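These are my notebook entries on a structure that I looked up. I set out to record how its parts pack and pair.

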Amino acid sequence: MMINSHLKLSRRRVLRGMMSGAAVTVALPMLDCFLDSKGTALAAGGVPLPVCFGTWFYGCGLNPGRWEPKTVGANYEFGVELQQLTPFRNKINVYSQMSALLDGRPRGAHTVGPAVILQGTTPPTLDHAFNPEPSIDVLIADVIGKRTRFRSLEVSCTGNPVSTHSKRAGSAMNPSEISPLALYTRLFGAEFKDPNAADFTPDPAVMARRSVLSAVGDQTRRLMSQLGAADRAHLEQYLTSLRELEQQLDLQLERPAPLAACSVPAKPAETPVGTEVAQVTANHRLFAKLLAHALACDQTRVFNVMLTDGLSQLRFAGEANTQHLFTHEDPIDQRLGYQPNVIRFVPPVLENLGALLTELDGIREGDRTLLDRMLVLAYTDSGYAKNHTTDNIPMLTAGGAGGRMKTGIHFAAAKGDPVTRVSLTVQQAVGLPASSFGTESNRTTKTITEVMA
Amino acid sequence: MINACAMIRSRRRHGLIALGAALLYISPPLQNAAAAAGKSFVVGYFYPATYYGDDTCPKGLNPLPDVFFKRDLKILGLPQADIDAMFDKDYNNQNGKPTTKWVSVAATRGNGRDNVYLHPTTVPDAHLMPAVGRFGYGFNLDGKGAASPDSYEDPQTHDKGVNNRLFRAIGCIPAYKGSPPPQPPLEAEYRWDSTRMAMGAWLITISGETLSRDGDVTVTFESSIDPATTQDANAHIQSDMTYRVLARPASRNVLHGVLKNGVVTTDPTTIVMNCDPYIQPTFEFREARLRLRLTPTGRLEGVLGGYQPWYPIYWSHAKVGYIDERGFGVDTPALYYALRSNADAYPDPKSGENTAISAAYMIEGVPAFIAHEGDADDAARLAPNTAHLCATLSQCAASLESALTRVLGSAEPLSPGAPPIARRLRPDQYRRVIADVFGPNVKIEGRFEPDVRENGLFAVGVGRIGVTSTGMEQYDAMARGVAAQVVDEAHRGTLIPCKPESATAADDACAAQFFAKAAPLLYRRPLTRDEFDQAVVLAGTAAQSLKSFYSGLEMSLAGMLESPQFLFRQEVAEPDRDHPGGYRLDAYSKASQLSFFLWNSGPDAKLMAAAQSGRLQTRSGLAAEVDRMLQSPRLEAGVRAFFADMLQFDLFDTLAKDAQIYPKWTAKVAQDAEEQTLRGIVDLLLVQRGDYRDIFTTRKTFLTPLLGSVYGVPVAQTGGAEQQPYEFPDGDPRAGLHAQASFVALHSHEGLSSPTLRGKALRELLLCEPVPAPPGNVNFATAQDTHNPNFKTMRARLTAHRTDPTCAGCHKLMDPMGLALENFDSDAGYRTAENGEPLDTSGELDGIEFTDAAGLGRALHDNPATGPCFVRRLYSYATGRPPARRDMPWIRYLEKGFAEDGYRAPDLMRRIATSENFYRVSAPPAMLASRGASGE
């Protein structure tokens with residue numbers, strides 16, 4: 001069997017084998033990336049690089065009255081809590097006064113907010129793992145991340161692989177990486193094909209793996225006819241994941257187009273995982289760097305960062321209470337008007353957001369930066385964690401989505417607007433043909449036109 | 001000479017309920033059906049049908065023994081004074097027992113010489129007063145209707161001309177007198193109860209195309225080889241017992257009948273039933289008919305009528321002799337005369353005297369199962385007691401609902417099962433299968449994507465998921481890692497049973513040998529032709545392109561290890577031969593179901609062999625395998641896996657304690673804590689075969705020195721880091737699972753304990769009672785006393801949980817238990833005060849009060865939800881689904897059995913594993929619907 005090393009022509013290959021005189025054929029599907037103009041967009045110089053998207057989650061929200069910008073519109077003035085993001089003010093939009101609406105359903109504390117923001121619905125049960133709706137990062141990745149090695153990357157900075165909000169329709173949640181070193185190995189280890197490498201040799205072992213996976217997929221499809229409906233749905237999901245794996249291998253057989261901004265970062269050391277502020281910050285910093293480089297090298301175009309869980313267990317070393325416990329037990333200081341122990345967590349949380357934006361903005365691509373061509377949605381679970389309310393949830397976006405979104409704007413909605421307006425707007429900003437998002441009271445068709453370019 | 005059943009003492013129960021509008025009861029699903037529908041009953045009572053009315057005995061009742069003995073002796077000629085003296089001294093002697101002298105006098109009172117029982121005519125006819133009056137049970141046997149002399153009107157059907165001369169003869173003997181309803185005749189209870197113990201049970205089966213509307217039916221009246229000896233709590237015959245009927249039973253009468261308005265009436269024919277061998281070996285009825293009514297409570301009530309030989313009736317009394325007379329008050333010679341003179345059919349050709357007497361008998365029956373045993377024909381035949389499984393779920397629900405309202409008898413209820421479901425292997429199962437097939441040295445490198453819990457268990461959640469792309473990446477990496485090790489130089493000698501002709505080329509024969517051995521164990525079933533061919537072909541083509549046989553094999557094996565056939569436990573259904581119309585798991589799926597339940601791994605070679613040979617699909621074969629697996633040391637792995645799932649030990653993976661506050665808590669402590677609990681559970685449940693509920697009260701545990709340090713008890717380091725047996729002293733609050741680190745530390749915060757988390761865990765995990773979620777918009781401002789922000793103890797901080805009505809409703813389910821555990825800090829360290837203030841660890845659980853954790857343990861032990869919760873969890877774990885309404889009869893049966901077994905877990909596991917319900921599949925598999933379709 002001959003392997004065509006140029007790999008630009010027809011992809012259909014047929015492997016023949018003999019078994020008791022019968023011919024067995026295993027076919028490879030046609031790869032379509034070469035037929036699409038997007039593929040040529042990866043070539044260097046003058047052609048726009050693809051838009052990217054990321055979500056960034058932190059639990060237990062901010063403090064009402066302290067985070068909202070004091071003015072509305074462009075050139076807004078930060079409230080006291082967001083002031084530490086001032087260096088990025090012109091690239092950040094702030095959205096206030098929007099809520100996750102419950103429609104009478106029980107509130108799963110710290111879970112219903114993210115479910116509405118990312119999936120558009122309140123979960124049918126408190127077990128959010130089985131909310132059937134897909135999350136917007138998956139919807140977005142299915143469009144913009146079709147041809148990257150990884151459809152998306154999920155990370156948890158507190159060491160919990162179940163800490164995640166990303167899920168495909170009808171599927172379990174996409175698990176998070178908890179170790180920066182493991183993510184590095186996955187991204188830049190043996191299977192990484194450097195776009196800027198001088199030469200390229202496709203690996204015959206990868207070829208063989210590819211054909212094995214194809215056969216597995218075919219056989220699975222034949223198996224499906226014997227199954228009940230529920231099992232078939234789960235195997236469909238398996239096949240989708242198998243296809244993504246096949247695509248990863250296909251890309252390993254391709255010579256990638258060079259990318260000027262791509263460089264391999266230093267291999268991180270093994271770091272302890274935990275929920276102490278210092279540990280979370282250290283791991284987040286490593287993840288942020290890896291993700292920025294992953295985007296710059298077009299290994300993926302979508303990421304999801306969980307700084308903490310909704311029930312934020314962030315804590316300062318030596319203290320008995322976590323952030324979440326403080327939000328409930330710290331009494332409001334009558335003189336100050338807020339919970340003094342709770343607000344202490346805001347600076348380290350936002351410092352981490354700043355660190356991510358710094359990494360993204362630090363990757364220069366021509367006269368713009370990686371941050372300019374992408375959109376980061378920074379969201380949380382509560383409007384006021386003390387009471388578990390999901391009114392007036394702080395929402396931020398950073399980055400201009402490749403020019404499709406205006407930045408440096410504070411948008412204050414009419415009170416009671418569903419927070420899904422932001423979710424809808426970000427989908428449109430990255431190029432999805434979405435005209436509505438969400439269900440029941442959280443259903444909206446109203447794009448936030450004030451921020452659309 | 002034919003002996004007939006003797007008289008029957010009246011029974012202290014109600015007689016026939018007067019027929020009103022007859023209602024046909026929808027049968028519970030577990031009834032007999034030789035045809036499409038059927039019900040089986042065991043005869044609980046059978047006795048002469050006597051009617052008690054004001055006009056039945058207008059001249060009063062026949063005399064009792066003291067009267068008729070004295071009378072006969074007087075006729076004999078004995079002086080009255082002697083008779084009286086004899087009577088006082090001998091008949092009514094000091095002990096209440098008559099002397100033997102008296103007995104012999106009474107027995108020869110006819111002529112002082114001959115036995116009156118053998119020679120009743122030595123005593124003159126005493127002319128028993130007959131039963132007259134309007135009503136008498138039975139049938140118009142002679143067809144003459146009301147013109148028939150001495151006939152009655154049946155009180156149920158109001159047929160006139162009922163022929164029942166037996167009733168006429170005995171109906172005014174006090175012992176046979178019918179009593180006013182609801183009193184039964186006393187005689188029937190005693191006589192039948194004694195008879196019943198010594199004979200095979202009588203069984204009546206009514207079957208037909210349907211029993212829910214009028215039509216033809218078949219009534220089978222037959223005998224079992226099992227006696228109906230079990231009595232229930234009310235000393236009535238136990239319903240729903242199982243009776244075996246041989247291919248050629250001692251008695252069988254198959255009658256044609258008609259069901260009309262809820263009553264079955266059979267055509268006249270001869271009915272012969274064998275009875276007890278001593279009193280009455282045979283009952284024979286000519287021109288006999290049955291009238292049977294199915295009551296709303298499921299019992300059978302009816303009348304049998306026909307011509308019965310009269311002498312055997314006499315003889316069944318006479319044979320017992322004096323006892324019958326004195327004990328039952330039946331004047332035996334007088335009975336002879338009465339029966340003889342009332343006989344009204346079948347004249348003896350020589351003497352012309354009638355040999356048979358018209359009779360009617362009451363029948364009462366309760367539902368029963370019939371197991372047909374005997375020759376091979378029988379075994380292959382449909383077992384009538386489980387004839388029709390519910391064809392639709394709604395049918396099941398309707399019939400099971402009615403079954404639910406009855407006291408569950410000893411027989412296991414049917415569970416309709418659920419549709420087949422594929423369950424993804426859990427990481428430990430994946431590891432075990434690889435270790436079982438390729439040995440324990442093969443390392444698995446990679447991270448499994450997390451499982452999801454549903455209904456509290458991973459074992460249920462694995463049926464709800466596919467594989468995410470991240471997960472697929474990892475499975476691929478793990479598969480390649482395992483495959484690479486299998487073919488490497490260190491392993492290929494042992495794991496690959498052949499050498500290729502050339503190491504640099506394909507060798508299909510050797511590849512086929514390898515896959516023939518390994519693949520069925522990996523897939524837990526034989527491969528299809530397609531699967532096997534593909535494995536070999538892929539190995540070959542990869543070997544060609546990579547110029548290496550072993551690399552080719554590696555590629556193909558890796559493909560298998562990331563295929564759904566390996567990653568998922570697929571359930572394959574087949575038609576259930578024992579219950580036509582239903583489905584069950586095929587032999588290999590059954591083997592997996594069993595082995596993942598008991599051993600948390602794929603089937604071993606012996607179990608696979610039992611599946612292959614078909615033995616596993618037989619009751620005895622299954623029981624043998626189950627017992628083998630329960631004896632095996634591998635059972636421990638299954639029990640550990642179950643408890644790790646139920647107690648949510650996966651939380652250990654993300655458990656963190658603040659190092660400054662709790663410096664003693666390290667990762668090793670967490671490991672030891674988990675092992676302490678699991679080892680203790682295994683010891684209690686498997687080694688000691690103890691009561692499950694004792695997990696809350698047992699003071700025996702296993703500690704490492706590190707755990708001793710945490711708990712504050714001395715544990716010598718001379719044993720190394722091994723777990724050593726340790727027993728807490730009596731009354732120590734550190735006894736029981738709820739006091740162990742694996743519980744209190746797991747359900748705490750990083751920096752402090754949490755009564756609410758602990759109480760919630762006890763309530764939800766161990767009592768199976770879900771706690772509602774907190775309400776939205778909880779305003780904690782009102783809940784906190786801002787004037788005293790420094791609460792010294794947790795109990796004080798949680799005051800609002802108890803006092804605020806919006807909080808208390810749910811928190812009272814959790815906090816009282818959790819506060820009892822405040823002796824245990826977040827790292828399980830023992831303390832008696834918090835911030836200088838002594839701890840108050842009192843509380844209550846569902847009404848039982850306690851003062852400390854040990855008391856809480858006793859309250860948990862005694863809580864009625866504890867045992868059933870374990871049953872439901874184990875049921876869910878084994879079946880992979882949460883308990884559904886349709887499963888509740890079986891689950892309740894298991895709960896009952898668990899209690900009866902003394903809450904011994906292995907016995908419960910055995911009950912589940914040997915039950916047909918465990919392997920039953922409800923809906924036809926999709927393959928039947930799309931038969932013929934293949935490929936994409």
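**Entry 1: a helix pair.** I note at the outset that the model is predicted. I looked up two packed helices of chain B, α11 (residues 427-438) and α13 (residues 469-487). Their axes lie 12 Å apart and meet at an angle of about 15 degrees. Because angles under 35 degrees count as roughly parallel, I recorded α11(B) as roughly parallel to α13(B). The crossing of α11(B) past α13(B) is right-handed.

**Entry 2: the residues in that contact.** Which residues of α11(B) make the contact? I found Tyr430(B), Ile434(B) and Phe438(B). On the side of α13(B), I listed Tyr475(B), Met478(B), Ala479(B), Val482(B) and Val486(B). Sorted by class, the contact of α11(B) with α13(B) holds eight nonpolar residues, with no polar and no charged ones.

**Entry 3: chain B against chain A.** I looked up the contact between the chains: 73 residues of chain B touch 76 residues of chain A. The two chains bury about 6,300 Å² between them, and 58% of this area is on carbon and sulfur atoms. I counted six salt bridges between chain B and chain A. A salt bridge joins the side chains of Arg480(B) and Glu191(A), at 3.2 Å from N to O.

**Entry 4: a salt bridge within chain B.** Over all chains, the count is 84 salt bridges. I looked up Arg299(B) with Glu364(B), whose closest N and O atoms are 3.4 Å apart. Arg299(B) sits in the loop between β11 (282-294) and β12 (300-309), and Glu364(B) in strand β14 (residues 354-372), so the pair ties together parts 65 residues apart in sequence.

Terms used:
Residues numbered from 1 in each chain as written. Chains lettered and ligands numbered in written order. Predicted model: local features only at pLDDT ≥ 70, side-chain atom pairs only at ≥ 80, totals over all residues. Heavy atoms only, no water. Axes fitted to C-alpha atoms, helices over the stretch in contact; angles between N-to-C directions. Helix = DSSP H or I, 4+ residues; strand = E, 2+ residues; numbered from the N terminus. Parallel < 35°, antiparallel > 145°, perpendicular 65-115°, else oblique. Left-handed = near helix turned anticlockwise from the far one by under 90°. Contact = heavy atoms within 4.5 Å. Nonpolar A, V, L, I, M, F, W, Y, C, P; charged D, E, K, R; others polar. Buried area = accessible area lost by both parts, 1.4 Å probe. Salt bridge = Lys/Arg side-chain N within 4 Å of Asp/Glu carboxyl O.
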